[in-house]
Amino acid sequence: MEMNDMSIVKYYLVKILIAGGATIAVLWILTPFIIAILYAFTNPADYYSPNIVLPLRYTFEHVQKLLALGATKAIFNSVAVALMTIGLSFILGLPAGYAFARYIFPGKDSLKLFIVSLRMFPIMVIAVPLVTLYIRLGLSDTLLGVALAHTAMSLPFVIVITSSIFAGVPKELEEAALIFGLDRKGAFLRITMPLALPGLAAAAIFTFIMSWNEVFIASVLTLTNRTLPAFILTSAMAATDFIKFAAGFIMILPAMIFVFIARRYLITMWGITLR
Amino acid sequence: MSKSRRDFERYIPYLLILPALSYLIFFIGYPLIQALYLALFPDGRFSMENIDYLFTSPFSRFEEAFANTILLVITIIPIQVAIAIGLAMLFNMKFPGRNTALYMVVLPLTISDVAAGLIWYSLLSSNGFFNKLLINLGLISEPIQFFGYQFRHMEFLAIVLTELWRATAIVFVILFAGLQMISREYIEAAEVFGATVWQRIRYIVFPMLKPSLQAALIIRTLFAFQIFGVVWILAGRDIPVLAGEAYYEQVELKHTGVAAIYALIIALISIVIGYIYIKLFKAKYLEV
Amino acid sequence: MVDVHLKNIVKKFGKTIAVNGINLDINDGEFIVLLGPSGCGKTTTLRVIAGLEKPDEGHVFFGDREVTYLPPRERNVSMVFQSYAIWPHMTVYDNIAFPLKIKKVPREEIDKKVKWAAELLQISELLNRYPHQLSGGQRQRVAVARAIVVEPDVLLMDEPLSNLDALLRVKMRSELKKLQRRIKVTTIYVTHDQVEAMTMGDRIAVMNAGKIMQVGTSEEIYLKPSNLFVAGFVGSPQMNFFEATVRINDSNIILDAGDFTITLEKEYAKFLKNYDEKTVIVGIRPEHMYPLDLIASKKGTSEIEGTVDFVEALGSDTIVHVNTRNMIMVVKISGSHRYKIGSKIKVALDLRQLHVFDKSTEKAII
């Protein structure tokens with residue numbers, strides 16, 4: 001039956017194209033990561049040897065040197081800033097997200113639009129004026145100052161994301177709690193929050209990554225208490241190639257770990273928030 | 001419930017939103033106004049001297065920065081959108097391992113632009129992977145120089161490559177989410193009524209993807225105008241861009257007013273572009 | 001207008017067998033209904049006919065043409081989807097015109113045909129609107145208009161009325177049937193609603209678990225179900241089923257159900273001759289049972305006695321649940337009657353409407 005054979009050929013052709021396309025896409029994305037990680041640990045001799053494409057011998061010395069140069073402190077700074085950012089933006093953003101999810105009130109749509117449009121606002125615009133403001137407030141060159149700025153950057157995101165997470169918890173569950181004896185606050189804490197927790201955890205991870213990666217504001221606002229991206233931008237740039245590679249590695253490491261943990265939420269969250 | 005209690009209930013949502021809203025207005029509104037002040041009122045009096053500086057000072061690389069930024073945007077974004085559309089359609093089909101592949105393709109979203117720059121530096125430096133591979137395959141005899149002032153056009157290429165690798169995922173994710181939301185039945189109906197694959201894409205999928213495309217373009221273009229880390233790592237000031245100059249003026253030269261102007265220019269461009277995109281893309285219907 | 005033949009269609013999804021050997025011949029111009037519960041494979045069968053799925057085994061013929069592996073485009077089929085699948089970004093006019101546009105029909109002819117279809121479905125005033133401006137019922141008509149505008153060989157409908165509210169559903173049932181008679185296209189209609197199937201179908205194919213249990217007119221299905229499933233699926237309230245032991249005597253046959261016995265004429269012996277002393281399943285529809293005080297003659301009936309357990313007063317009918325000590329029999333009486341709960345009642349069973357099923361094969365014996 002000719003019809004049968006033609007369709008089978010077409011069928012497999014399509015399958016091959018899809019598999020091929022997917023493979024190329026994945027390889028294109030993954031290869032630089034793999035290479036960069038390998039090079040961060042490469043033996044210097046292998047690196048300079050023109051015949052060795054991928055390093056054969058590995059060493060920790062580049063990472064160690066980088067840490068000694070001041071990266072360790074920078075890492076701590078970054079972590080501190082990120083944690084403060086998460087704390088602040090959740091304290092401010094969670095209630096707002098809940099309000100948008102559960103209440104209908106005049107001005108809701110405009111407010112939401114306003115907050116969403118702030119997301120697209122070039123946040124670096126605030127960095128320069130903040131320098132002068134911070135000098136006056138005594139926040140100049142402090143981690144808190146950076147965290148405050150990062151909070152402004154991530155707050156719209158947190159509001160939008162928590163709003164959709166709370167909206168995903170069926171209202172009936174809260175209402176049932178209200179009937180069976182809890183007040184609104186109790187229902188929120190004992191019913192909604194536990195159900196929202198996985199999504200909120202993913203949102204927290206995402207906020208962490210956003211703060212961890214942010215480079216412009218951190219570089220402008222700090223001099224001695226630099227976060228990791230700021231530190232690398234300035235100090236590590238003048239160093240040897242190896243230091244640069246090591247720098248790349250420690251920058252991407254936490255992100256890769258976190259993303260692996262929260263991978264299921266990643267796509268849906270980015271899709272929702274970036275709309 | 002007493003009347004006062006009911007009235008109070010009405011204000012609850014506003015109270016919940018108030019802290020976040022005031023924070024945002026303060027931390028964004030105030031610096032904005034402050035930026036205007038810094039830019040146009042240095043020393044307290046109105047003066048165009050900062051704007052003047054941009055065009056006349058020997059230190060200023062404004063025109064170059066402006067041109068470079070625009071050039072980068074026009075080069076990178078169309079290619080990214082094309083790749084992202086292809087990827088989104090590819091991943092919209094089910095194939096084994098799709099989810100794992102999805103996580104991997106989205107990985108660049110999780111790293112900073114500085115990290116992306118460093119990663120591609122390791123790929124493109126004269127002892128980097130790319131060069132070594134080509135040399136060992138016998139395709140070239142000398143490493144291709146991507147970096148250094150005299151190779152500025154190669155630096156430009158390096159930046160484009162890195163950005164393509166790093167930021168296509170942003171467009172992809174939005175388009176992919178939008179594609180997933182198109183109910184399969186719409187496409188099946190078209191199939192039953194005679195449309196070929198191309199006709200289905202053209203008449204059904206594409207129009208229904210417009211809102212996502214609009215959102216993706218706005219976000220990507222706005223972010224593209226703020227390009228900084230990648231350029232700084234790969235080219236330093238060899239290729240000035242708007243955000244890079246803002247940084248340089250502020251941190252190295254301490255010309256706060258000038259830096260403020262750069263920031264405001266970026267903000268202005270963002271608003272204009274956003275407006276243009278919205279007008280361009282009037283999506284007439286809402287998905288029911 | 002073609003006849004459709006399905007031969008040994010098998011379709012699996014992973015380990016699940018959705019369609020397990022379907023054979024069906026559909027006549028040219030016929031309105032046939034695939035009826036069955038959720039998951040019985042009716043929608044999958046429809047999609048195989050449409051070309052949206054390719055069967056793992058078996059063949060589909062439109063007339064003499066084998067279409068088994070052809071894409072939908074090349075089959076000249078049309079489909080009304082359960083959710084209508086009206087494209088939201090196109091006007092009603094463009095939606096209906098789409099199949100013609102794809103076939104590159106000249107514009108004036110498209111216009112004529114779209115207007116013709118819209119007229120038939122009474123949506124001519126809506127041609128310039130967008131789907132989000134329409135009600136559910138209107139959208140459904142657009143879906144049907146779009147399906148008939150190409151004058152397909154085969155028209156497929158996948159539960160098109162299930163999303164409409166009850167009143168509209170009843171109205172659309174007759175409209176769709178009348179439409180089909182007018183344009184005389186071979187129509188295959190999928191539903192789980194047996195009333196829909198009975199009122200609309202020229203023939204009904206009752207399906208369960210991927211197989212066709214019985215094909216016939218609504219009369220045949222109702223009066224002569226060939227197996228237990230069909231007997232129980234069609235008819236509301238459901239047919240009464242109970243087990244009984246067969247005893248064949250010289251003069252008659254007795255079905256002993258414990259609480260009561262039913263005596264059959266000797267002529268039925270030929271059907272039951274292998275079942276002496278064996279257990280069978282007996283079925284009788286609620287509407288074929290009559291309270292003794294309401295019938296004129298007891299000829300051809302058998303009596304049972306019990307107490308009234310529960311009464312449903314529907315206005316047009318009264319449904320009485322009768323407790324016969326070990327089981328409950330449901331009796332449907334026409335009209336409004338009063339029965340006191342707990343009172344004794346005697347009911348006659350119309351023996352001509354009695355069904356007997358083999359306990360293991362579930363096939364009908366009588």
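Colleague: Why is Val10(C) called buried?

Modeller: Its relative accessible area is 9%, and buried means under 20% (exposed is over 50%, partly exposed lies in between, using a 1.4 Å probe and protein chains only). So Val10(C), at 9%, counts as buried. Keep in mind that this is a predicted model, where local features need pLDDT of at least 70 and side-chain atom pairs count only at pLDDT 80 or more, while totals for chains, interfaces and linings use all residues. Residues are numbered from 1 along each chain as its sequence is written, chains are lettered from A and ligands numbered from 1 in the order in which they are written, and side-chain values use heavy atoms, with hydrogens and water left out.

Colleague: Where is Val10(C), and which residues does Val10(C) touch?

Modeller: You'll find Val10(C) in strand E1, residues 4-13 of chain C. Contact means heavy atoms within 4.5 Å. Not counting residues up to four places away in sequence, Val10(C) touches Val19(C), Asn20(C), Gly21(C), Pro55(C), Asp56(C) and Glu57(C). His337(C) sits 327 residues along the chain from Val10(C), with 50 Å between the two C-alpha atoms.

Colleague: Why is Glu175(C) called buried?

Modeller: The value for Glu175(C) is 18% relative accessibility, so it falls on the buried side of the cut-off. Glu175(C) is in helix H5, residues 166-183 of chain C. Leaving out residues up to four places away in sequence, it touches Gln122(C) and Arg141(C).

Colleague: And His288(C), is that residue buried or exposed?

Modeller: Buried, with a relative accessible area of 9%. His288(C) lies in a loop, between strands E14 (279-284) and E15 (289-291) of chain C. Beyond its neighbours within four places in sequence, His288(C) is in contact with Tyr222(C), Ala348(C), Leu349(C), Asp350(C) and Gln353(C).

Colleague: How do you know that E16(C) and E17(C) pair?

Modeller: Two strands pair if DSSP finds at least two bridges between them. E16 (residues 301-313) and E17(C) share six bridges, so they qualify, and they run in the antiparallel sense. Thr307(C), for instance, stands opposite Asn323(C) in E17(C). The two strands make a hairpin with three residues between them, and Gly315(C) in the turn has a positive phi of about 90 degrees.

Colleague: What about E17(C) and E18(C), how many bridges join them?

Modeller: Seven, and the strands run antiparallel, with E18 covering residues 328-334.

Colleague: What makes E17(C) mostly covered?

Modeller: Six of the seven residues in E17 (317-323) are buried.

Colleague: Why is chain A called more spread out than a compact globule?

Modeller: Chain A has twelve helices and zero strands. Its radius of gyration is 24 Å, well over the 19 Å from the globule rule for 275 residues, so it is more spread out than a compact globule. The radius is taken over C-alpha atoms, and the rule is 2.2 Å times the number of residues to the power 0.38. Along the principal axes, the C-alpha trace of chain A spans about 85 × 75 × 35 Å.

Colleague: How many residues of chains A and C count as buried?

Modeller: In chain A, 56% of the 275 residues; in chain C, 53% of the 366.

Colleague: What makes up the surface of each chain?

Modeller: Accessible areas come from the Shrake-Rupley method with a 1.4 Å probe; for residues, only the protein chains shown count as cover. Chain A has about 12,300 Å², 72% of it belonging to carbon and sulfur atoms. Chain C exposes about 16,600 Å², and carbon and sulfur atoms supply 48%.

Conventions
Helix = DSSP H or I, 4+ residues; strand = E, 2+ residues; numbered from the N terminus.
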